[in-house]
Amino acid sequence: MQGGINTLLSEQVNAGQSVGFLSSWRRPGRLPTELTSFVGREYELRQLAQLFKQTRLVTLVGPGGVGKTRLALRAAAQAAPGFADGVRLAELSGLRGPERLPEVVADALELADRTRPFAFDAVVDHVADRELLLVLDTCEHMVDTCALLADALLTRSPRLKILTTSRQPLGIPAEYVMAVQPLDLAKGENSEALQLFEHRAASAVPGLVLTPEERTTAAALCRRLDGVPLAIELAAVRLRALPIATLTARLTESFAVLGTGRATAHARHQSLAATIGWSHDLCSPDERLLWARLSVFGGDFDLAAIDAVCTDTRLPTGSVLEPIVGLVDKSVLLREGDRYRFLDVIRDFGAQQLDRIGETVPIRRRLIDYFHTRLSDFEKKFFTSAQVPLYTALLSDYRNLTAALEYADADGTLLALAAAVWPYKLCASHSAQALYWMNRALAQQPEITEDRVKALVWATTFAVIQGDAEAASRLSAVLQEQAALLADRRLNALALMCHGMAYGVTGEHHKAVEQLRLALERLKKDGTDLDVALASLRLGIVYALHDRADAALSAFEEVLRLLGNDSRESYVQGHTYGFMAVAQLQAGRADAAERAARQALELHDCRGDILGVAVCLDFLAWATTERGCHQRAAIILGGADALFRLLGRGRAMENAQLIRVHELTLDELDRSLGAATRQELHRTGAALPHERLMAFALSDDNGLSVQPDPPASGCLTRREREVACLITEGMTNREIAERLVISKRTADTHVEHILTKLGVSSRTQVAALFPAEQQREAEKRN
């Protein structure tokens, strides 16, 4: 089965690349929705728009808090319609080691996991022929590595452009460095800085309108803050508690301590430091303690995580709501739905305070323990209907889980967490990443323990999924030896199963069957239902990939029996039904194969598994062709092609028999439809939005009436077209509400409806699919 299991068992898309159940969660790589109004920067935005036409690498340079990221995101959103493959954002602030930079960029590009973990090659290959704008945000802590990556990408990808933000230039020849200055102060009471202050003040104190005298005082305060946006925002929110005159006087006292003078770059840094320090001084003791402890999170977080990681006798469980509200009110902590996050400079300040009070090690340990508990719970419930909800919850915390792994690696306690991370990495198809952490953990703690053998079981499994025959054979040999020393019958049976899987990936079919059958027999006595199901699934796949249909179907039926009729488990069932479709085709039962492929399709889609969906679309198209529905099959194959291209890879088939089935399918479609018609139907399928593609694939439509509707063809109401027009102009929901004189809640609802109807998940995609000129023409026609 040379390479069969590795490509077809599970190389799904990276975490967060959902197309269904994660539609409300911003996937890695997508531009975030603006939560507050964007003020000023018109000159800079025009300059960046021109630079995108003239140069391929632009770096926005400036001190922390000056607005580099916000400017970059706005400029990228405005430029998105001009890039055929859109915009991708790689957020680097949470990285603690440059070796993981390619991994984060791969996540942003929505690449499936690759054989070599975190290698530049996969990223470079993916963007080679794409017209894309890549934003690398916050590069200053790994300038050399970012420069290396940018140079490699630009050299190999002629249509790629890169926008970076950093506190210092990357220093490569292609780079155009644009210094981001504080907001304009020259116009006094009409300056951009004062406009920002007034916007944020109005948000902090609804209905607030400054008098002329107060505007004069506010303008002076903005000058005192050197026009640094973050400093202005932190100051403005204090109007909830202090009148403008008192606010200015109090803040001036903080500057006096630092002795800031003229508006140099260093002074601006002091302005921000003074403002953050002043905000810290105004916090209650509980707020300060919580601020420091929350800095251990690598991304955003929810109340459950806060309670688990940050509470103790000093800050009791159930008492954190008040300090959270206080930090949000002071704009120290940002709330997005039911989750919270810091700006980078605010998190950095908190981390310094955590070091100062001597709590860095214990609070990091609590984060590690928190995720170990969650992963252990996921492991216990992996084979149940709770699988997808538990995976979804962990997916929202993927940056925090990575931070926990890094902390455990740093303090030498990685093994337990690495051994427990397999259910998340399996569902997310992060096999290369899983191998990376497990190999580090195994090297770190050579003593033979249950955790070490468990890590070896899953390291071997992920090596098989990767198709790495050498690693699979080496790891399975070590696993068998060390499992035998523990004298645990279940672990020894799992080691035998892994040995069979290793034979499978090296192409030794008969040995694979022999070992897997023996492992299955032992696991039925000593293993769990999940163990038996996985062994049966793997045995069935070996059979299916070597044309033993009846034996494969028998193994797959055993998996489904263990799951039960009402199970909503996704991972095991998805692969079972997918390969059941292959076996049914081999047995000459095209109708049964189509039913199985549809079931697999739904199961993979509910987990956001793009590669699983793409592979099952192929299976479905083969069955549909066998049934004589040739137009339908051609459209489905076109949809699969688009998904494989999105993942930056060819078809996930290295098994000779499956390659032959695919080639015969194409030959039959060309014979019955003609090559030109088949290719046109391919293009039709490739152009379908995901939701429409899935609906078509799961229906009985023969494809005669299926055409991809243009976004402005009437699927939007008149009001929704107005809102879409404003989205393309870069307006936030609040600004749209103000322009159209509607409530923000109504604007939010319109935007949600637009995204759903157009089959997209971001505002950038709305702009790309529905340009403003087209909208205005649509308005004229209607």
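View 1. Leucine 303 belongs to helix H13 (residues 303-310); helices (H or I, at least four residues) and strands (E, at least two) are DSSP runs, numbered from the N terminus. With a relative accessible area of 36%, leucine 303 is partly exposed, a class between buried (under 20%) and exposed (over 50%), using a 1.4 Å probe and protein chains only.

A note for all views: residues are numbered from 1 along each chain as its sequence is written, and side-chain values use heavy atoms, with hydrogens and water left out. Because the model is predicted, local features need pLDDT of at least 70 and side-chain atom pairs count only at pLDDT 80 or more, while totals for chains, interfaces and linings use all residues.

**View 2. Two nonpolar cores.** A nonpolar core is a set of buried Ala, Val, Leu, Ile, Met, Phe, Trp, Tyr and Cys residues joined through side-chain atoms within 4.5 Å. The largest one has 186 residues, and Phe197, Leu294 and Tyr424 touch the most other members. Helix H30 (residues 610-626) gives this core its largest share, 12 residues. Another core, of 31 residues, lies apart from it and includes Leu95, Cys139, Val143 and Ile172.

**View 3. Aromatic rings in pairs.** The whole structure holds 13 aromatic pairs. Rings of Phe, Tyr and Trp (its six-membered ring) pair if their centres lie within 6.5 Å; planes under 30 degrees apart count as stacked, over 60 as edge-to-face and the rest as tilted. Tyrosine 436 and tryptophan 437 are edge-to-face because their ring centres are 5.0 Å apart and their planes stand at 80°. Tyrosine 436 is buried at 15% relative accessible area, and tryptophan 437 is buried at 3%. Phenylalanine 579 and phenylalanine 619 also form an edge-to-face pair, with 6.0 Å between centres and 65° between planes. Since phenylalanine 579 lies in helix H28 (residues 571-586) and phenylalanine 619 in helix H30, this pair ties together parts that are 40 residues apart in sequence. Both of these phenylalanines are buried.

**View 4. Salt bridges.** A salt bridge is a side-chain nitrogen of Lys or Arg within 4 Å of a carboxyl oxygen of Asp or Glu, and the count comes to 37. In one of them, arginine 399 meets glutamate 91, with the closest N and O atoms 2.3 Å apart. Arginine 399 is in helix H18 (residues 398-410) and glutamate 91 in strand S2 (residues 87-91), so the bridge ties together parts that are 308 residues apart in sequence. Arginine 399 is partly exposed at 30% relative accessibility, and glutamate 91 is partly exposed at 22%. Another bridge joins glutamate 470 and arginine 474 (3.3 Å, N to O). These two are separated by about one helical turn, because they sit 4 residues apart in helix H23 (residues 469-486).
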